[in-house]
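Welcome, and please take a moment to turn the model around before reading on. The paragraphs below will walk you through it a few places at a time.

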Amino acid sequence: GFAIPKESQDKAAKFSFHGTPAELRHGDVVIAAITSCTNTSNPSVMLGAALVAKKACELGLEVKPWIKTSLAPGSGVVTKYLQKSGLQKYLNQLGFHIVGYGCTTCIGNSGDIDESVASAISENGKFFNENILGYTCIRMLEADILAVFYMRPDMVAAAVLSGNRNFEGRVHPLTRANYLASPPLVVAYALAGTVDIDFETEPIGTGKDGKKIFFRDIWPSSEEVANVVQSSVLPDMFKATYEAITKGNPMWNQLSVPSGSLYAWSPTSTYIHEPPYFKDMTMSPPGPHGVKDAYCLLNFGDSITTDHISPAGSIHKDSPAAKFLLEHGIDRRDFNSYGSRRGNDEIMARGTFANIRLVNKLLKGEVGPKTIHIPTGEKLSVYDAAMRYKTAGQDTIILAGAEYGSGSSRDWAAKGPMLLGVKAVIAKSFERIHRSNLVGMGIIPLCFKSGEDADTLGLTGHERYTIDLPSCVSEIRPGQDVTVATDSGRSFTCTVRFDTEVELAYFNHGGILQYVIRNLIGSKQ
């Protein structure tokens, strides 16, 4: 599925892991994470994973030391029953130590992989492609190494995780193949060291007695799992854990709590910042807005997900968000993640459309979080280009294909574009919740007519776009058609995707936040 030429599929990248000779092949696992999502509060699968680890350790199997392993349970109760069962030590022996209880690898919080592994992946990509013409180079910084990527083919390193998201570029920038698996399977794939294996017929490894060990040799029976659940998962564990939640911990309890009914925004905080949603807001709704002579900020194809749009994972040191943090005196080691800084709109706006796998047609094949500033022809980060347009008072729109906004619904996938100054998105189709979220942030969603898209209409994204909407909300109907005119002389008809009267009310107020505030204040007067 990754278009690796047949002659390149068996090639290996040799490297030194802290003095030990090692090699990576396509499909090799570099991240194995039992991560705090979905099923890590399920005793059967968590203890099942521990039983896999126990059987593997007893047979003499090991996880390669360069595979980044982690265990992030969904509840503190899990720690209690893993310890009660006596099985946590086997997970530890294979590298699955408890790292915390928050959202981890699934949201890109795996952290850096070892520098030697990152180098092997990137150099292998260059090795496979140095004599191949016609592929676009992507440059990014990973673990202080300048990694050179090509659109295809490059080293397909893998991550296996028990989370519920595996969109491209989300888990880690260097793992192209990301697979979701149950916690016991995460352990099994970590032991195998590759996803390119048939568990039915191929051995996972070699035991301490020299015999080949197969998947069936380490997989626990349902009866084994049930017995350990029965003996180790006790009601008092849940009671004790949840009683302690409201008591917090010493560090939390020692925080000083300001008095007063209003939150005191700190102008120096890089974690929490007063957002501009209510700046200059009046009690009178502004009414509907059209779009006049807008530039195209981004021109997409099909299946742009909320992971392409929304800030997620680590903050790369060459990104606009990193530049902002450095300017505010934050060292790179303290950048943390976009998720941890989601309370700061300055960071999140800079991280919108920062996905390294973003394919923007304005770049003519190059992949990455860049775009073309149409008036000057400069290639800029998406944030810098958007700010150029905003500073000049110029509207922007986005062109897209089918299923725009698919994937997990995210508030920042709508808030981010709004903060970048995007006024409308014209797409073949939208994911249902994301379309509604765009309306909630005052962005107009429009759909091309059936059988039409930017390509069939001859739109390059270098045009300027005008969308006329009635100035009175009562004159707009859910699902009505509007004309989109361009400065090239081409016009086309789109359907405005305000699907309900409530969405029209949100749009009339400038967004759902303003709608709620005005109604709250109005109800108290």
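**A walk through the helices**

The buried residues of H16 pack against helix H15 (432-440), strand E16 (444-448) and helix H17 (512-524). Helices (H or I, at least four residues) and strands (E, at least two) are DSSP runs, numbered from the N terminus. Buried means under 20% relative accessible area, exposed means over 50%, and partly exposed lies in between (1.4 Å probe, protein chains only). In H16 itself, which covers residues 501-508, the buried residues are Glu503, Leu504, Tyr506, Phe507 and Asn508. Just past the end of H16 you will find Gly510, with a positive phi of about 95°.

Before going further, a word on what you are looking at. This is a predicted model, in which local features need pLDDT of at least 70 and side-chain atom pairs count only at pLDDT 80 or more, while totals for chains, interfaces and linings use all residues. Residues are numbered from 1 along each chain as its sequence is written, and side-chain values use heavy atoms, with hydrogens and water left out. The predictor's confidence in each residue is its pLDDT, which runs from 0 to 100. For the protein, the mean pLDDT is 89, and 93% of its residues reach 70 or more. Over residues 126-153, however, pLDDT stays under 50, and the model has 73 contacts beyond four places in sequence for that stretch. Contact here means heavy atoms within 4.5 Å.

Now move to helix H14 (residues 412-419), where Lys415 has its place. Is Lys415 buried or exposed? Lys415 is buried, with a relative accessible area of 15%. Beyond its neighbours within four places in sequence, Lys415 is in contact with Tyr277 and Met441. Because 7 of its 8 residues are buried, H14 is largely enclosed by the rest of the structure. Just after H14 comes Gly421, which takes a positive phi of about 95°.

Next, look at how some helices pack. Two packed helices are described by the angle between their axes and the distance between the axes. Axes are lines fitted to C-alpha atoms, for helices over the stretch in contact, and angles run from 0 to 180 degrees between N-to-C directions. Angles under 35 degrees count as roughly parallel, over 145 as roughly antiparallel, 65 to 115 as roughly perpendicular and the rest as oblique.

Start with helix H1 (residues 43-59) and helix H7 (residues 222-232), whose axes are 9 Å apart and meet at an angle of about 115°. That makes H1 roughly perpendicular to H7. On the H1 side, the contact is made by Pro43, Ser44, Leu47, Gly48, Leu51 and Lys55, and on the H7 side by Glu224, Val225, Val228 and Val229.

H7 also packs against H2, at an angle of about 105° and with the axes 9 Å apart. H2 and H7 are therefore roughly perpendicular to each other. Here Tyr81, Lys84 and Ser85 of H2 meet Val228, Ser231 and Ser232 of H7.

Follow H2 (residues 76-85) to another partner, helix H8 (residues 235-245): their axes come within 9 Å and cross at roughly 140°. That makes H2 oblique to H8. Which residues make this contact? From H2 come Gly76, Val77, Lys80, Tyr81 and Lys84, and from H8 come Met237, Phe238, Thr241 and Tyr242.

Finally, compare two single residues. Ala190 sits in helix H5 (residues 183-192) and is buried, with a relative accessible area of 1%. Setting aside neighbours within four places in sequence, Ala190 is in contact with Ala32, Val63, Ile67 and Phe96. Between Ala190 and Ile309 there are 31 Å in space, C-alpha to C-alpha, and the two are 119 residues apart in sequence. Gly260, on the other hand, lies in the loop between helix H9 (250-253) and strand E11 (291-299). Gly260 is exposed, with a relative accessible area of 67%. Its C-alpha atom is separated by 58 Å from that of Gly19, 241 residues apart along the chain.
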